[in-house]
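Good morning, and thank you for coming. Please keep the structure in view as I speak.

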Amino acid sequence: MLLTRIFLGGCRGREASRIKPLVNGCRLLCNVRATAPLTMEAPPPPPAEKKPLVSPVSSFNEWDPLEEVIVGRVEGAHVPPFTVEVKANTYEKYWDFYTKNSGTPFPQEHMRKAAAEIEELCRVLEGEGVKVRRPDLLDYSLQYTTPDFSSTGMYSAMPRDILIVIGTEIIEAPMAWRARFFEYRAYRSLMKEYFRAGAKWTTAPKPLMSDELYDQEYPMKSVQDRHRLAAEGKFVTTEFEPCFDAADFIRAGRDIFVQRSQVTNHMGIEWMRRHLGDEYRVHEVSFKDPNPMHIDATFNIIGPGLVIANPDRPCNQIDMFRKAGWKIVTAPQPVVSDSWPLWMSSKWLSMNVLMIDEKRVVVETDEIPIQKMFEKLGIKCIKVSIRHANSLGGGFHCWTTDIRRRGTLESYL
């Protein structure tokens, strides 16, 4: 009050008359606050706890019941430029084909039949209760240039090459062919969908694919050279930076098996090993294979402790599996004709099968010997013909990548 008197006393005339109501208002407010009981506002309620998302991506091996799968596309497939890494992975009898047709579509009538086969494969899988997803359509005729190289594209036919599901994580492989550098774009819509729904999504370090990644003087002028170089452990890819195709890895629960190949180097294998951590064991295996590229037509694990092995490419570490009690079944010789165009693969796509579960397998209609092998194992054969689609470099396992299998993480070794 004393301060009020002093303040008003210092004001004269109109100033005092304007200030007095304000002072009286302050007096009233102070009196109200002095007599009102002291109250505190209730704290805001804690935010509702978000329920953890259940990943739509989950697969631990190659044989648990298959629920969702990506199937590749024939549409837009182009012959890749005949670069040193392509030459090292293809057979001598097709080198003229690549030289003449680089950057152009694969033969269209052949591709029309291949597309019809893959549509039938999708229909059959859906009939077996499997949800089928497809990559986006891209224009692979486009020339692209990075600071390190130029190329045209190839295709989005083989999702197994670029995507691998380990547990609830989906991993994009960096790849090793320049023609496949941007292939991941065909799958980005699906990857974003899976991520938003709760999946863990990882992209491995994208290589520069500069000249340093490849042995530019790779001394391969014939099939005999290829055999000799493979026996010496020499590959067209160097250790300049990590690279790998996902199809060089195959899963059996906590144990992941991988080969050093023309498209997967030791740095790529070590990246995967460190990335997966202690929960998984990454085993490097090797084969007497003159052209190692993708493991699933050489060593295809089809059940707990059950492997189809290629008799022409014996595993150098086979005793590890035998000591663990695994059953090694030797695949019969394929029946496809030598004259059939297999521009990017061998006849051993006969053993490149897709397990729907432990008792059902998708297998080529014409490959009667391997069908009999499965029947002896008590496995029902779901017969589909993709002979024309084989020409692009893959069997049923290559043309698909499983997104969800009903199962849990186990140890089988």
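The second largest cavity holds about 60 Å³ of space. A word on terms: on a 1 Å grid over the protein atoms alone, a cavity is a set of points where a 1.4 Å probe fits but cannot get out, whereas a pocket is an open set with protein on both sides within 12 Å along at least five of seven lines; a lining residue has an atom within 4 Å of a point. Grid points are joined across faces, edges and corners, and a volume is the space filled by probe spheres set on the points.

The model is a predicted one, in which local features need pLDDT of at least 70 and side-chain atom pairs count only at pLDDT 80 or more, while totals for chains, interfaces and linings use all residues. Residues are numbered from 1 along each chain as its sequence is written, and side-chain values use heavy atoms, with hydrogens and water left out.

Which residues line this second largest cavity? Among them are Glu 62, Arg 160, Phe 249, Arg 251 and Asp 402. Strand β5 gives the most, with 3 residues; helices (H or I, at least four residues) and strands (E, at least two) are DSSP runs, numbered from the N terminus. The lining divides into 6 nonpolar, 1 polar and 4 charged residues. Here Ala, Val, Leu, Ile, Met, Phe, Trp, Tyr, Cys and Pro count as nonpolar, Asp, Glu, Lys and Arg as charged, and the others, Gly among them, as polar.

The structure holds 2 cavities of 30 Å³ or more. The largest cavity has about 80 Å³ of space, and its lining includes Ser 346, Lys 347 and Phe 396. By class, that lining has 5 nonpolar, 4 polar and 3 charged residues.

I turn to the pockets. Of its lining, 18 residues are nonpolar, 10 polar and 11 charged. The largest share, 3 residues, comes from helix α8 (residues 223-231). The second largest pocket has a volume of about 260 Å³. Closest to the centre of this second pocket, among 15 lining residues, are Ala 230, Phe 235, Ser 286, Phe 287 and Pro 292.

Next, the annotation. UniProt, in an unreviewed entry, places the feature "active site" at Asp 245, His 294 and Cys 398. Such positions are given in the numbering used here, feature names are shortened, and annotations may be inferred rather than shown by experiment. How far apart do these residues lie in space? They spread over 154 residues of sequence, yet the largest C-alpha distance is 11.4 Å. His 294 and Cys 398 belong to the lining of the largest pocket. Asp 245 sits in the loop between α8 and β8.

Finally, the sheet. Strands β8, β9 and β10 form an open sheet in the order β8-β9-β10, with mixed pairing; two strands pair if DSSP finds at least two bridges between them.
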